[in-house]
Amino acid sequence: MTTARNAIGDLYPSRLSSRAASFGRPHPTRWGSTPGPFTADALSRYEAKGFHIEEGLLTPAQIQHCWSEVERLSADPELAKTELIVRERGSDTVRSIFAVHEVSPLIDKLVRTPRILDRARQILGSDVYIHQSRINCMPGFAGTGFYWHSDFETWHAEDGMPVPRAVSLSIALTDNYPFNGGLMLMPGAHRTFVPCVGQTPENNYKSSLQEQRIGVPSEDAITELAYEFGIEQFTGPAGSALFFDSNSMHGSSNNITPYPRANIFLVFNSVDNLLEQPFAGTQPRPEHLGSRDFTPLTPISGSPFA
Ligand code: 6CS
Ligand code: FE
């Protein structure tokens, strides 16, 4: 156990020894006024709800291309020996594959595709780099969910991300129904920061990626948010995309249906929001969870995702 360094000057104190009230975040959701592919309407909905869904971001052929890549990576014996693969607790089933933009040239092209990269830059008002990338798999019957959390809470406490100036993009590789473990989000709750109780053990990530216990809000805090904001769900055919704010309150249920669910998850962080020492006082997590290669992404021409 370590002592949090959040006593003074931390605008987003969490991992506390006793409960503290939720509060309105002092930072915006959309930064600046960089032009880009999002319409003004889409941007204002993103600002209000903390997320925006775009159906058909990828075509069926592009999804198939990505799906082949998932199969290749899942079966790669070298990758299987590394921490990039996280399995379901007590089984061999692959739950997540991390740093996919580094191990897959195809996903590297995806993150540099102008119509995708420019959307992240438009929301964050600056150049961006990839803080974390992963493929999340939720097989039929066996997939387990993620409890309610804000990603920014973890990235701030465990990776040292200063403020919520990051946007996540989740691209559905399978159809997302209301019943196969789809992501639930609380529209508008991204404006509220919920300090969480509990000290962070070193190497917390070794268990939190299977089941997060530290850095999750109390049931009372979740109840308050749910009554104020309600809950919506990201559903839609394969190829649909969800852009969501780093402080969105979200989670998912287990998938007991036979229909698998998989998505590509890309986190773009602003180059004006570079990682510092983790605010929980712990050692920084490994590169594949919180990258410290802050090189801005450059767009490519001739992308297979153009
Ligand atoms: O650890 C991460 O970076 C992400 N994964 C989990 C389970 N919670 C926080 C964040 O979304
Ligand atoms: Fe999350």
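Select the shell around ligand 1: by class it holds three nonpolar, five polar and three charged residues (Ala, Val, Leu, Ile, Met, Phe, Trp, Tyr, Cys and Pro count as nonpolar, Asp, Glu, Lys and Arg as charged, and the others, Gly among them, as polar). This is a predicted model, in which local features need pLDDT of at least 70 and side-chain atom pairs pLDDT 80 or more, while totals for chains, interfaces and linings use all residues. Residues are numbered from 1 along each chain, chains are lettered from A and ligands numbered from 1 as written, and side-chain values use heavy atoms, without hydrogens and water.

Next, show the shell residues by name: Gln132, Arg134, Phe146, His149, Asp151, Thr154, Trp155, Ser208, Leu209, Gln212 and Arg285 (near means a heavy atom within 4 Å). Colour by element (helices, H or I, of at least four residues and strands, E, of at least two, are DSSP runs numbered from the N terminus). β5 (128–138) and α7 (151–159) each supply at least two shell residues, and α7 gives the most, with three.

Now pick the polar contacts (N or O pairs within 3.5 Å). An oxygen atom of ligand 1 lies 2.8 Å from a side-chain N or O atom of Trp155, and an oxygen atom of the ligand is 3.1 Å from a polar side-chain atom of His149.

Finally, select the open sheet β6-β12-β8-β10, four strands with antiparallel pairing (strands pair if DSSP finds at least two bridges). β6 (149–150) and β10 (232–233) are at the edges with a single partner strand each, so one side of each has no neighbour in the sheet. Strands β8 (183–185) and β12 (249–252) pair over three bridges; there Leu183 stands opposite Ser252.

Notes
Polar contact = N/O pair within 3.5 Å; in protein donor to acceptor, adjacent residues only side chain to side chain.
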